[in-house]
Amino acid sequence: MKKLFLLLLIGLSLTSAQAQQTANKPEREQWFMDLGFGMFIHWSLDSQVGAVISHSMAGASEDYLNRFTTELPATFNPKKFDPEEWATLARLAGMKYVVFTAKHHAGFCMWPTKTTPFSVGSSSSADRPFKRDIVREVLDAFRKQGIAVGLYFSPEDFNYLYEHKIPIGRLQHPQHFPANNPGLMALDKAQLKELLTNYGPIDILFFDGPAEGLKEYAWQLQPNVVVTRGQMNTPEQKIPDKPLPGPWESCYTMGTDWQYKPTNDPHKTGTEIINMLIETRAKGGNLLLNVGPKPNGEIQIEQEALLREVALWNLVNGESIHGVRSWDVTREGPIWFVKSTRENAVYAFVPGGTEWKYGDRKEFVFKTLEGSAQTKVSVVGYDSKLVEYREGFDASINWQATPLGLVISAVNGHRLYTNNKWPNPVVLKITNARYKPLELAGEKRSKLDGAH
């Protein structure tokens, strides 16, 4: 009898502990940090008019809100929506996870929810021309490519506020917070329950708004889900000045807006995006890079082109981005470092383009690296044996441990563009080398790191 009573107590204790989960599981956070690079997808019904996603409802007139909530759902019909193309492109670019806007602030649900007619494919919405379950198709397509799946979910719901005559804005009224609004909290929980019980394991949740009471509910339904925003630092459009402790994620657009913007929208270059990825990883974070599909479901050509440039860089250098952490020093001048979690290796990201032209030999002195007889150096993706069309050319890579640090001489010889003007960073892999404390290197950290 005592044994049975003890087993019951243990069972109750475990159940209570599970119900009281208040943080991401540490091993899941380490898993998340290994991923390194993800695709953010902002897409909703107002992409049809190129408006800022959801926020045009804030402060809008009654007439505008009526047209937004009635006319836009009736014309949202993305006939070229093919999430398998999105997922294939993400995989080529080296993206290991996706975060899709299941529900943005407007409250429009991209799955056929039973909680509101303000959604795609709802059985109670006969006027909806598009009746496919977008969330399910996105999750299935990315899982097929081996990519971890995540959902963006807004606890705020402008359509709910509109229906209940509450001024629409972001965190400017007590009832904008689900914790103060029982009806909004119930709606959010009902929607989360659909997403977390009907779509299989969800790896990541991004709560863009007050997550109190909702993230705990999510962990109750799926204890292994990693909550990013709402639980960790997720800076937008910036990278922290220095490494942050624990997991963090920097979210960036390619242009100036999150959702599709049909007017002239200057985009970053592929080199800028690759450099952002490198800096983020050197500082211990993940980069969540956004795409804003067109209303018909296609990724706009400018963003597809940038992702394909990143894909070529990833084809060469992907091992340096995944399964890495910050090293003892983030950089020496313009050269960033990360360390591998798989082996005793450091990756050094060297600017390419005009700073290290194709076919040129370049010498480096890494003052914070101490080599040994076991040290090996390679150019990632290049075997350092020949440069195409150059007879008798010495393309070998050489290195030597010196009192000044590790001296490396290497050739940038991997031919990636027809005109030999590949503009993006070259990566050196250095195994079995030790960190040389800055004091022993005779330099101050600020001088090595350079102005930033």
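1. Which residues does Ala-348 touch, not counting residues up to four places away in sequence? They are Ile-335, Trp-336, Phe-337, Phe-366, Val-426, Val-427, Leu-428 and Ile-430, where contact means heavy atoms within 4.5 Å.

2. This is a predicted model, in which local features need pLDDT of at least 70 and side-chain atom pairs count only at pLDDT 80 or more, while totals for chains, interfaces and linings use all residues. Residues are numbered from 1 along each chain as its sequence is written, and side-chain values use heavy atoms, with hydrogens and water left out.

3. Ala-348 lies in strand β11 (residues 345-350). Helices (H or I, at least four residues) and strands (E, at least two) are DSSP runs, numbered from the N terminus. Ala-348 has a relative accessible area of 0%, so it counts as buried (under 20% relative accessible area; exposed is over 50% and partly exposed in between, with a 1.4 Å probe and protein chains only). Its C-alpha atom is 13 Å from that of Asn-424, a residue 76 places apart from it along the chain.

4. Helix α9 (residues 270-282) has 13 residues, and at 1.5 Å a residue it should span 18 Å. The expected span is 1.5 Å times one less than the number of residues. The end C-alpha atoms of α9 are 18 Å apart, which agrees. Eleven of the 13 residues of α9 are buried, including Ile-273, Met-276, Glu-279 and Arg-281. Just after α9, Gly-284 has a positive phi of about 90 degrees.

5. Helix α9 packs against helix α10 (residues 301-317) at an angle of about 55 degrees, with the axes 9 Å apart. Axes are lines fitted to C-alpha atoms, for helices over the stretch in contact, and angles run from 0 to 180 degrees between N-to-C directions. The angle makes α9 oblique to α10 (under 35 degrees is roughly parallel, over 145 roughly antiparallel, 65 to 115 roughly perpendicular, and the rest oblique). On the α9 side the contact includes Ile-274 and Leu-277, and on the α10 side Leu-306 and Trp-313. By class, this contact has seven nonpolar, two polar and one charged residues. Ala, Val, Leu, Ile, Met, Phe, Trp, Tyr, Cys and Pro count as nonpolar, Asp, Glu, Lys and Arg as charged, and the others, Gly among them, as polar.

6. Helix α4 (residues 83-92) and helix α5 (residues 134-144) cross at roughly 35 degrees, and their axes come within 8 Å. Among the residues that meet are Trp-86 and Ala-90 in α4, and Val-138 and Phe-142 in α5. The contact of α4 with α5 divides into seven nonpolar, no polar and three charged residues.
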